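Reader: Before I use this model in my own calculations, I would like to go through its geometry with you. Could you take my questions in turn and state the cut-offs behind each term?

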Amino acid sequence: MKKYWKSVEEFHGITVGDNGISEEKHKEEFLELFENGLLRKTSSRRDFFKIFGFSLSSAALAASCKRPVQNAIPYVNHPPEITPGKSLYYATSFFDGHEYSGILVKTRDGRPVKIEGNALSSFNNEGTSARVQASVLSLYDDARLKLPTVDNLPVNWDTLDEQVIKDLSGINSEDGEIVLLTSTINSPSTIKLINEFGTRFKKFRWVQYDTVSYSAILEANLICFGKAAIPDYHFQNAGYVVSVNADFLGTWVSPVHFIPKYTSRRKPDSPGQEMLRHIHFESGMSLTGSNADKRIKIRPSEEKQLLTELYNRIAARQSGKEFQGSAGRYDVSEITESLISSKGKSIVLSGTNNVEIQLLINGINSLLGNYADCIDLNRNLNIASGIDSRVEELVNDLNEGKVKALLMYNVNPVYDYPGSGNFLAGLKNTVVTVNMACSLNETVGKAKYESPVHHYLESWNDAEIIPGQLSLAQPCINPLFDTRSFQESLLKWSGNSLSWHDYLMANWEKEFFQKSDLPDFRKFWEVCLGNGVFSYNISDSKPVSFNKEVLSASINSKVSVGTYGFEVILYESVALGTGLYANNPWLMELPDPVSRHCWDNVAAVSPADAEKLGIITGHLIKIGENLVIPAFIQPGQAEGTVSIALGYGHTNSGPVGDNIGVNVYPFVGLIGGTRVYGFTTGKLENTLKQSQLALTQVHHSMEGRPIVRETVLSRYRSNPSSGNELHEEYELKHRTLYPEVNYDGFHWGLAIDLNSCVGCNSCVIACQAENNIPVVGKAEVRNRRIMHWIKIDRYYSETPDNPKVYFQPLTCQHCDNAPCENVCPVSATNHSSEGLNQMTYNRCIGTKYCINNCPYKVRRFNWFRYTNNKAFDFNTVSDLGKMVLNPDVTVRERGVVEKCSFCVQRIQEKKLLAKLENRTLKDNEIKTACMQACPSGAIVFGNLKDRNSEVSKLFQNPRNYHLLEELHTLPSVGYLTKVWNDEEKKS
Amino acid sequence: MYNKNIRGPLVEGNKTLSQISKEILNPMETTPGLWWYIAFGISLIAALFGFYAIYITVSQGIGTWGVNNSVGWGWEIVNFVWWIGIGHAGTAFSIFLLILRQKWRTSINRAAEAMTVIAVMCAALFPALHMGRVWLAFYIFPYPNTRGPLWVNFNSPLFWDFIAITAYLLISFSFWYLGMLPDFATIRDRTTSKIKKAIYGFFGMGWTGSSHHWIRFESLSFILGGIAAVLVVSVHSIVSTDFAVGIIPGWHATLFPPYFVVGAIFSGFAMVMTLMVFVRKMYSLTDYITDNHMDAIARILVFISLIMGTAYSTEVFVAWYSGNEYEMFTFFRNRITGDYTVQFWGMIICNALIPQLFWFKKIRRSWIGLLIISLIINLGMWYERFNIVVTSLSKDYLPSNWVSYNPTYIEIGVYAGTLGLFLAGILLFFRYIPIMAISEVKSVVNIGTKVED
């Protein structure tokens with residue numbers, strides 16, 4: 001081979017460096033440095049720099065590292081409606097058998113990332129509950145069922161269908177009974193389909209099963225009015241509400257529907273309307289009880305006596321007679337007077353699942369004439385249809401072997417049916433069992449056939465929540481797994497060749513199209529899909545008449561008031577509800593609004609009982625024979641009662657929900673055919689063992705500091721700034737040494753009405769979903785490192801015996817004079833020209849000085865790497881879980897500080913839109929995630945520079961104040977004082 | 001007639017100059033005793049624990065510590081301030097006593113300066129480690145960069161801190177190192193080992209002891225001394241602004257700069273005393289570090305202790321006098337009473353009360369007494385920093401944010417590691433660097449001894 005060379009050195013085989021010095025020479029010099037330099041008697045400045053430079057550069061070389069490569073794959077066929085970086089919103093409906101909301105689903109690049117309320121849905125307006133907000137995460141849950149199975153072995157759909165059809169027809173030919181057990185279904189098309197499905201078999205029964213039952217209301221209304229329905233309660237028409245054990249702002253029936261109506265009447269300043277006064281009787285401390293003007297503690301066993309007395313007093317007053325009879329523990333004469341003086345404008349309701357009690361409630365309400373304006377049986381709520389006795393009957397029939405085939409959809413009786421052992425035993429007597437569930441639960445694996453269903457965001461559906469108010473549900477993403485909707489399966493198994501989508505469309509064309517005034521069905525369908533909702537007028541049926549006869553029996557029946565032992569109340573928690581979403585880490589980490597703990601269920605005991613039994617929070621207590629659960633001292637808990645949340649203690653729900661807390665469904669009792677959510681026990685022991693609870697707030701008093709400012713209506717009338725005198729004082733003291741910053745254009749601000757906020761926590765989850773806030777797990781919550789950017793502080797005042805409760809949403813105050821900003825050494829947090837206190841994650845080196853210097857302590861630190869970290873395997877580790885991340889918001893790295901940004905991505909989006917459309921921004925056009933989710937409209941965001949914006953007006957309100965304004969931090973968040981209604985109604 | 005024997009001689013035992021060289025260099029020229037190896041072993045184990053803790057901290061995150069959403073700073077800042085305080089001794093000794101013409105400093109200042117350098121290095125470890133992203137720590141350097149108009153925040157006390165500590169470390173290191181040049185040259189000339197000759201020769205920078213060298217040496221000492229004198233006051237003043245500039249009750253106090261500086265000198269002197277008690281015992285240097293020396297340090301300590309007591313009571317008084325409910329809460333319900341009484345009363349007892357025992361000559365002259373009280377002062381000063389950093393943060397403005405703070409073993413590990421490093425550094429210093437400035441000791445050898453007519 002020919003040799004090429006370009007210099008003589010190269011020819012001789014000496015390699016030459018760029019500067020012409022041979023590398024040999026280099027080596028020599030390098031060695032000289034050590035050999036010569038150090039051994040010389042003197043060392044020169046040059047030597048020093050040589051060694052210094054060598055060490056530094058070798059350290060730099062040794063420290064360099066590589067980053068993994070990630071690929072973004074572009075579309076081959078670009079769907080026309082998708083513009084990368086732009087969100088698409090689909091209107092759909094949420095109904096999981098317990099809770100309904102009309103919603104908009106925000107999708108980005110084909111994947112749903114956020115749920116918003118559908119403003120066109122009159123049911124919930126824009127408000128959503130925490131669970132609805134979190135439902136998008138359940139779509140990306142690894143615990144979802146991914147393919148059909150027979151005898152727990154994977155099969156394809158054809159095989160499954162073939163076998164099911166063969167089995168069902170076999171049973172049918174032998175006259176065996178086929179039972180369909182579902183959660184409540186309010187979809188008119190599905191109901192029609194089920195009925196059609198049923199007619200194909202000789203013996204078919206459809207049983208609806210509600211995990212938390214409203215059976216007594218349904219039955220009582222059937223007895224009284226001939227209609228088994230849950231009425232709608234129009235709080236907006238009521239001036240006086242008496243509620244007993246019904247947490248209608250937290251969990252009862254449909255809080256997201258009730259909260260806006262309730263809070264619309266809780267404003268002290270709305271013209272022409274008197275503020276609603278709310279009296280609440282309960283045992284445990286609920287969200288509703290916390291919001292009531294007057295909260296009275298009762299034991300569950302006292303309820304009937306209380307309502308009987310109330311009924312008798314009202315009846316006596318109306319007939320002009322003096323009240324005769326025994327008076328109970330509580331003086332209800334004042335309440336009687338108020339109810340009578342607000343006749344027709346009041347609501348009395350009870351959440352107890354007891355027919356006699358519900359009959360009494362109906363009696364009281366009809367005496368007061370509330371069925372005209374305030375309680376609506378005509379436009380009732382189709383939220384629960386399960387009748388407890390029918391479920392009992394089914395379980396009995398199962399055990400007697402009468403049922404040959406059981407098809408289950410969206411139910412989990414193995415976990416939440418009180419006699420689940422009984423149910424399981426009965427299941428063995430069937431020939432065929434089919435389970436149709438979306439996600440892993442305790443019932444999964446118990447049936448022969450598993451026919452996994454779509455998540456609701458993948459399915460077509462419709463719903464009729466209130467007669468005449470229809471809504472559609474449409475898929476917002478292609479099914480992620482090999483699943484099939486429940487209705488599709490029914491169609492297949494009944495031999496119907498229509499797809500569920502076509503069936504649904506055909507049904508709408510037949511049933512509802514004629515009710516619209518649109519010319520052709522295609523148009524109608526498109527409009528309905530676009531709006532998500534469709535409503536038509538239903539004719540008012542005849543005014544309901546009340547059957548008084550039925551009352552006498554229940555009034556005269558003996559009342560036994562518990563006088564010994566403990567009465568245990570089993571309730572739904574605001575976060576987890578019935579426990580359907582136990583594997584949802586957002587909900588699992590959502591602190592209970594009142595007790596402020598998460599990742600557990602606890603036994604709430606009253607402070608007096610705790611003292612008697614030597615219990616401190618965290619002690620494991622033994623209730624009855626076999627219920628061991630950590631105790632929690634709950635101020636306001638009635639003496640002699642214990643409250644425990646349902647929905648915990650799963651064994652097969654997925655990695656997040658399993659073995660967290662205790663399942664108390666087995667303790668649900670059965671009296672007179674209805675389920676009773678509670679029991680009585682004489683035995684309550686302190687085992688003295690400690691359990692570690694994840695408490696997010698451990699101090700409950702405001703220490704006399706003006707944190708939540710409050711007044712009462714009577715004082716408010718004479719002085720709207722009562723309770724808020726300090727504000728004016730501090731405004732007068734407003735001085736600064738520095739030139740005041742002048743914002744031109746925008747100055748963003750947020751007003752929070754403490755009177756409207758009921759503390760439902762949906763803003764917390766909305767913020768978590770919007771801003772990619774990680775879940776940190778129980779241990780880290782215990783270390784007080786929960787990441788929520790907005791939290792709802794809860795304070796108590798007065799005595800622990802029955803305290804007043806205050807809720808205060810706390811988020812970054814975006815101070816114009818922010819203490820965090822001037823202490824950051826690298827200017828990673830700074831002030832925008834629009835008054836935002838912003839975090840530059842890239843610049844942050846994590847000194848945490850800003851966290852310390854924030855008087856509100858709203859800054860959060862990324863203590864660990866929460867993404868792709870096996871130690872935090874919640875939703876940011878698997879590729880599936882990460883699909884929920886909002887691409888508009890950076891996922892923060894370990895070691896940086898983060899906090900509320902006033903949803904700056906939303907501000908930017910709308911600003912750009914306005915700019916493109918060459919117009920100015922409208923007020924209320926930009927909505928922060930918390931504001932949008934808030935069912936009560938307590939949070940208002942907007943431009944403070946615009947004097948006419950809603951937020952500016954609220955800032956001018958005499959009730960407005962700033963948190964810790966004495967520090968002169970000049971927050972951009974304002975709070976409106978809490979006004980309690982202290983005025984009894986007078987005639 | 002002026003050489004009245006009031007304080008006793010500074011060097012006892014009528015030493016000749018060569019005897020001084022020999023005795024001071026003795027620890028370097030002989031094999032150390034068993035105790036040295038044991039102590040060094042212990043310090044290495046502690047340092048290893050520290051390295052493990054640092055590894056966990058850097059590889060997993062600050063989450064391995066006990067700090068949380070409300071208490072963002074815990075042991076790491078407590079220890080940082082504590083070490084910085086200890087790091088005040090050397091310079092204070094050299095400069096203040098130099099200015100005050102206290103010749104007795106000569107036998108102590110070298111060790112004190114070494115302690116300063118090692119302590120400040122230990123201290124500097126904490127602000128680096130407490131950063132969430134320590135690998136980006138260079139963002140704090142104010143240097144022209146390509147990241148747009150990004151510049152450090154000159155308003156931030158942390159930035160001042162960084163500058164102050166860096167400057168202090170550089171100056172005190174230079175001061176210490178340059179002061180050693182003549183001694184390095186002495187070793188170089190005395191040693192027979194080739195390696196030692198090379199090493200000490202390198203560090204000796206070619207010192208020959210010529211008049212030129214001495215003149216330059218003297219003037220450099222004055223220049224550095226002048227700068228360092230300012231720094232002694234400024235460093236801890238600036239460290240105090242980390243808190244004083246904050247808005248948190250218990251931090252926001254104008255008293256802090258002098259209070260911190262005095263506190264720092266207090267802890268520094270106490271640490272010097274601890275060290276000296278050992279050095280004079282272990283190396284039989286009682287002729288050089290005499291009882292009078294120890295007595296003098298004890299006198300200074302009792303005086304500073306009074307200032308500390310005054311500062312503590314002033315703080316509490318101002319909290320009450322201001323009528324500020326948050327300050328009142330912090331001092332009266334979270335320090336004097338409440339969850340952190342141990343730390344508060346520990347601070348008062350260790351710093352303001354126990355050092356008062358130094359009024360008694362018997363205790364000033366008892367090495368056990370000196371040792372115990374100096375250790376107690378260091379404990380007390382640790383409590384003081386804990387009080388300031390943690391109690392203020394744990395219960396500040398909004399009660400919903402109140403938390404308690406407990407360190408994890410990782411934080412304890414880092415602290416133990418710095419203690420180990422410190423001890424190891426000191427032991428190596430004894431072994432490889434002259435404990436005293438030989439040339440300076442020689443210059444005071446006659447002071448206080450009887451002058452023959």
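Author: The model is a predicted one, in which local features need pLDDT of at least 70 and side-chain atom pairs count only at pLDDT 80 or more, while totals for chains, interfaces and linings use all residues. Residues are numbered from 1 along each chain as its sequence is written, and chains are lettered from A and ligands numbered from 1 in the order in which they are written.

Reader: What is the radius of gyration of chain A, and which value does the globule rule give for 987 residues?

Author: Chain A holds 29 helices and 42 strands, where helices (H or I, at least four residues) and strands (E, at least two) are DSSP runs numbered from the N terminus. The C-alpha atoms of the chain fill a box of roughly 120 × 80 × 70 Å along the principal axes. The radius of gyration is taken over C-alpha atoms, and the globule rule is 2.2 Å times the number of residues to the power 0.38. Chain A is as compact as a globular protein of that length, because the rule gives 30 Å and its radius of gyration is close to that, at 32 Å.

Reader: What percentage of the residues in chain A is buried?

Author: A residue is buried if 20 or more other C-beta atoms lie within 10 Å of its own, exposed if 12 or fewer, and partly exposed in between, with C-beta atoms placed from the backbone. Of the 987 residues in chain A, the buried ones make up 55%.

Reader: Which residues of strand 12 of chain A lie on each side?

Author: Strand 12 of chain A, residues 346–350, is mostly covered, with 5 of its 5 residues buried. In a regular strand the side chains alternate between the two faces of the sheet. Both faces of strand 12 of chain A are covered, with buried residues on each: one side has Ser346(A), Val348(A) and Ser350(A), and the other has Ile347(A) and Leu349(A).

Reader: Which residue stands opposite Ile347(A)?

Author: Two strands pair if DSSP finds at least two bridges between them. Strand 9 of chain A, residues 240–244, pairs with strand 12 of chain A in the parallel sense over 5 bridges. Within this pair, the residue opposite Ile347(A) is Val241(A).

Reader: Why does Asn245(A) count as buried?

Author: Asn245(A) lies in the loop between strand 9 and helix 8 (255–264) of chain A, and its phi is near 50 degrees, a positive value in a residue other than glycine. Asn245(A) is buried because the other C-beta atoms within 10 Å number 27.

Reader: Which strands are the edges of the open sheet of 7 strands in chain A?

Author: The 7 strands of this open sheet in chain A follow the order 5-4-16-15-14-6-7, and the pairing is mixed. Strands 15 (432–436) and 16 (449–450) of chain A, for instance, pair in the parallel sense over 2 bridges. Each edge strand pairs on one side only, and the edges are strand 5 (153–154) and strand 7 (203–208) of chain A.

Reader: Which residue in the turn of the hairpin formed by strand 1 and strand 2 of chain A has a positive phi?

Author: Strand 1 (87–95) and strand 2 (100–108) of chain A run antiparallel and are joined by 9 bridges, with Ala91(A) opposite Leu104(A). The hairpin has 4 residues between its strands, and the turn residue with a positive phi, about 100 degrees, is Gly97(A).

Reader: Which element gives the most residues to the side of chain A that touches chain B?

Author: Two residues are in contact if their C-beta atoms, placed from the backbone, lie within 7 Å, and 47 residues of chain A are in contact with 46 residues of chain B. The elements of chain A giving two or more residues to its side are helix 2 (23–39), helix 26 (849–853) and strand 37 (860–861). The most, 4 residues, come from helix 26 of chain A.

Reader: Where does helix 1 of chain B bend?

Author: Helix 1 of chain B, residues 17–29, has 13 residues and reaches 17 Å from its first C-alpha to its last, close to the 18 Å expected, the expected span being 1.5 Å times one less than the number of residues. The bend at a residue is the angle between axes fitted to the seven residues ending there and the seven starting there. The helix bends by about 30 degrees, with Pro27(B) following within four residues, and the place of the bend is Glu23(B).
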